[in-house]
Every structure is written in C-alpha cells, then in structure tokens.
Amino acid sequence: MLRLLEKMVFRYATKVIVNTQEFATALRKAEPRAEVIWFPNGVDLEQVAPRDVTAVEHGSIAHVGTLYGNRSLSSVFTAMASVRRNRAETAASLSLNIAGPLESPHRERMHDEIEAAGVTSMVHVHGVMPRQQALELLSRSHLALVLAQDQPMCVPAKLYESVGLGIPTLVIAEETSAAAREARRIGAMALDGEDVDGLRSLFEDLLAGRIPTTVAPKVPISYADTAAQMDRLLRQAITR
C-alpha cells in the first residue's frame, strides 16, 4: 500500500529529496522519471552545549543509542580484550560506556558477550539516560561509537551529533555502506564490524595519544549551513 502511494506521489513531485547517495542511486533505478536529489542530514548545534575538551577522559569510548536489528558491539568487546592482553600497562584507562534502550534479546546477548570477552570491568552499561545527561557522557568521551551494521542505505543521525560536537567518531559498518561513506566524507572513521584487528589497532592508537581529543568536521554539517543549502534548492524549484 505504501509503495503504491509512493508511486502516485512521485508522479506529481518536481523533486524527490533523499538523505543518502546510496538511496538516491537505488531510487533513480526504481523511479527513472523522478528527479532524485541527494541532500545529506546534519545537526542542530544550537541544541548541544559546546564541548569542554579539558573534561575529556583519555581512553574512554561511548556508544549512545539503541541496539536493534543486527547492531552489535561484540567485535568491540573482543578488540578491547585483545588490547588488555597485549598492552596491560596502558589498557587500564580503556573503557566503554553504553547508554540507551536495551530491549530483549539484545540486552541478554550483549551481557553474555561482555562476560565471554572478559571485559566486565571495562564496560559500563548505563541504560536509558535523560538526553542532557547522555550528551554530557558523550562529550566527555575520547571516542564516540556509531553502529550501522547491515543498513546499506541508512546513516544514523548520531553520526552528525558526535562529529558536530568535535568528538573523534568511529562508525562500525560495511565499507561500502552509506554510513561508512558518509563518515569518511564528514571527517569520521569507519571500520567493518568484522575487523577486530582494525579495532584493536585503533584502540591502541587511542591509548597512545595518536588520536586527538577533538576534531573538526571536514565539511559543514550544522543546520545553519544545511538550511541555507535547502533554501537555494527550494528557490530553484520554485523558479523552474
């Protein structure tokens, strides 16, 4: 029913705006008569407090968001365990904070994975937190994690929030996915969820100080910038 409604709407639309390049490509094939425009998402920086880099906890990692579908932190736990085995003298400062809804069976599976990897003392599960408190936790972190496994055409909004705050951000997703490509475009890092060696190496770089405590976006991602771009796009459509 939704697909039929979509086809009817597309028939009369001047433009169709989508927020990932991968979705734009797929939609152009499915709807060759539609004029499909890729317009990336962004972040409302007026809704987040500026980050205090002096409060950053060296070696701390944070994942703030919901675990659902095939999103999983299992490779992160395995990589953290490997760092502790190989770099016991520096791994003491490596920690992972997890905040957000944890529904069954994801909750049970995650706790089993934490125990199996032997990283119980390194992982702190906070559950659901008020938004401001969650942002403060994220802001204090040295590295932000964004999960996007098995979502080839989607980009989690948390990516823009973390990068907008100036936090070094790692997206865990397939190399050719929309989230991984968008991460590299705006200044974040990306690794496949199966790349445990890559994660271990990145965590070792984090502990060694080779990853800065703050980064700037490679391209403008604030709503102030995207609003101006959308204004031009809408004016062009009206003129035509």
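A search of the whole structure finds one cavity of 30 Å³ or more. The structure is a predicted model, in which local features need pLDDT of at least 70 and side-chain atom pairs count only at pLDDT 80 or more, while totals for chains, interfaces and linings use all residues. Residues are numbered from 1 along each chain as its sequence is written, and side-chain values use heavy atoms, with hydrogens and water left out.

Rolling a probe the size of a water molecule over the atoms shows where empty space is left. A cavity is here a set of points, on a 1 Å grid over the protein atoms alone, where a 1.4 Å probe fits but cannot get out; a pocket is an open set with protein on both sides within 12 Å along at least five of seven lines, and lining residues have an atom within 4 Å of a point. Grid points are joined across faces, edges and corners, and a volume is the space filled by probe spheres set on the points. The largest cavity has a volume of about 40 Å³. Its lining consists of Leu-67, Arg-71, Ser-72, Leu-73, His-106, Arg-109, Met-110 and Glu-113. By class, these are three nonpolar, two polar and three charged residues, where Ala, Val, Leu, Ile, Met, Phe, Trp, Tyr, Cys and Pro count as nonpolar, Asp, Glu, Lys and Arg as charged, and the others, Gly among them, as polar.

The largest pocket holds about 150 Å³ of space. Lys-7, Phe-10, Arg-11, Ala-13, Thr-14, Glu-31, Arg-33, Ala-34 and Glu-35 line this pocket, and the lining divides into three nonpolar, one polar and five charged residues.

Six strands form an open sheet with parallel pairing, in the order S5-S4-S3-S6-S7-S8. From one strand to the next the twist averages 25°. Strands (E, at least two residues) and helices (H or I, at least four) are DSSP runs numbered from the N terminus, and two strands pair if DSSP finds at least two bridges between them. S4 and S5 run parallel and are joined by four bridges, with Leu-96 opposite Val-123 in S5. Helix H3 (residues 74–86) packs on the sheet, touching S4, S5, S6 (141–147) and S7 (169–172), and its direction makes about 160° with that of S4. Axes are lines fitted to C-alpha atoms, for helices over the stretch in contact, and angles run from 0 to 180 degrees between N-to-C directions. Contact means heavy atoms within 4.5 Å.

Helix H5 (residues 131–140) also packs on the sheet, touching S3 (57–64), S4, S5 and S6, and its direction makes about 115° with that of S6. The buried residues of H5 are Ala-134, Leu-135, Leu-137, Leu-138 and Ser-139; buried means under 20% relative accessible area, exposed over 50%, and partly exposed in between (1.4 Å probe, protein chains only). These buried residues pack against S3, S4, S5, S6 and helix H6 (158–164).

On its other pairing, S4 runs parallel to S3 and is joined to S3 by five bridges, with His-63 opposite Ile-98 in S4. Five of the five residues of S4 are buried, so the strand is largely enclosed by the rest of the structure. Both faces of S4 are covered, with Ser-95, Asn-97 and Ala-99 buried on one side and Leu-96 and Ile-98 buried on the other. Ser-95 belongs to S4 (residues 95–99) and has a relative accessible area of 14%. Neighbours within four places in sequence aside, Ser-95 is in contact with Gly-59, Ser-60, Ile-61, Met-80, Met-122 and His-124.

Glu-22, in helix H2 (residues 21–30), is buried with a relative accessible area of 15%. Not counting residues up to four places away in sequence, Glu-22 touches Pro-152, Met-153, Thr-176, Ser-177, Ala-178 and Arg-181.

Most residues other than glycine have a negative phi, and most peptide bonds are trans. Ser-104 and Pro-105 are joined by a cis peptide bond, with omega about 5°; Pro-105 lies in the loop between S4 and helix H4 (106–117). Asp-150, although not a glycine, has a positive phi of about 60°. Asp-150 is located in the loop between S6 and H6 and is partly exposed, with a relative accessible area of 48%.
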